[in-house]
Amino acid sequence: PGWSLPLVGRDFLEILSAWYCSFGSCGATGDCRVLNNVTGLESELSGQLHGQHLAGEAVLRAVRGFLQKPRPEKALVLSFHGWSGTGKNFVARMVASHLYRDGLRSECVRTFISLFHFPHAQYVDSYKVQLEKQISETTQLCQQSLFIFDEAEKLHFGLLDAIKPFMAHRDNKDQAGNRRSIFLFLSNIGGNAINEVALDFWRAGRPREEIPMELLEQRLRRELLQPADGGYARSHFLEENLIDFFVPFLPLERRHVRLCARDAFLARALPYTEAALDEVAKMMVFVPKEEKLFSAQGCKSVSQRINYFLP
């Protein structure tokens with residue numbers, strides 16, 4: 001993804017893509033790499049994402065509304081927050097698989113993992129050039145692009161500054177005005193604040209479904225604005241209103257872990273019993289120490305734990 005093309009080369013790729021698409025059905029974007037199967041996304045969010053009614057509703061509403069705009073005035077920017085294992089990567093994969101023919105392997109989808117792609121702070125200037133180039137090439141090649149930044153809390157603020165021009169409001173008279181871009185930032189920041197709200201509701205005897213999105217958004221904004229060595233605060237993401245939706249992922253309870261275990265059995269066409277689902281849940285660590293209410297790993301490692309039940 002680091003190579004660059006002269007203008008003639010980019011034109012050739014567009015011609016080649018148009019020729020390839022002539023053999024199949026292209027969606028409203030005119031790009032056969034783009035599916036935009038919102039109905040499929042809604043179905044999978046409803047059936048496979050457990051314990052995350054707020055996240056599922058927010059992602060579906062945001063994506064559907066964005067795709068319905070003939071000429072979006074800016075990129076769609078979603079910031080996912082919550083503990084590891086609560087579904088942030090899972091939802092990002094869902095979005096990629098239902099919006100693009102080749103899912104995460106699509107040439108219109110780029111995934112960056114902070115500590116893997118940008119491990120050394122002293123090379124941030126070099127990383128900025130590479131990142132700007134890759135985003136620019138992808139948006140030129142594809143009518144609709146998706147960029148996923150995992151471990152976003154570890155991104156140097158200089159890299160966030162490099163991304164900002166691609167997310168900002170633009171003049172629809174621009175030639176690229178009809179090209180769409182979606183940015184997903186996945187972060188553990190705010191996980192403890194989200195969990196505290198969920199625990200407070202549980203202790204008050206109120207179901208988690210009553211937790212208002214506005215309360216979690218307020219908590220997330222406060223935490224993101226805390227002074228830090230890098231990240232959202234120093235890049236002025238919030239002040240410039242570049243993030244369209246903060247998407248909170250709630251901590252998962254035992255019942256949600258059981259559902260994840262059931263899905264893991266079914267995905268491998270393995271038989272299961274209710275007792276087996278209980279056993280998988282018992283293998284997980286639950287917190288806080290007194291209540292043992294939330295899975296410390298979410299549903300992460302559940303698929304590996306069912307190996308204990310193989311003959």
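## Ground rules

Residues are numbered from 1 along each chain as its sequence is written. Since the model is predicted, local features need pLDDT of at least 70 and side-chain atom pairs count only at pLDDT 80 or more, while totals for chains, interfaces and linings use all residues; side-chain values use heavy atoms, without hydrogens and water.

## The largest pocket

A pocket here is an open set of points on a 1 Å grid over the protein atoms alone, where a 1.4 Å probe fits, with protein on both sides within 12 Å along at least five of seven lines; lining residues have an atom within 4 Å of a point. The largest one has a volume of about 690 Å³, the volume being the space filled by probe spheres set on the points. It has 29 lining residues, and Gly 85, Phe 90, Arg 93, Cys 299 and Lys 300 sit closest to its centre.

## Salt bridges

There are 16 salt bridges in the structure, each a side-chain nitrogen of Lys or Arg within 4 Å of a carboxyl oxygen of Asp or Glu. One of them joins Lys 74 and Asp 244, at 3.0 Å from N to O. Both residues lie in loops, and the pair ties together parts that are 170 residues apart in sequence. Lys 74 is buried at 7% relative accessible area, whereas Asp 244 is partly exposed at 30% (buried means under 20%, exposed over 50%, partly exposed in between, with a 1.4 Å probe and protein chains only).

Another bridge pairs Glu 73 with Lys 69, their closest N and O atoms being 3.4 Å apart. Asp 31, Arg 33 and Glu 107 are linked in a salt-bridge network.

Note on methods
Helices (H or I, at least four residues) and strands (E, at least two) are DSSP runs, numbered from the N terminus.
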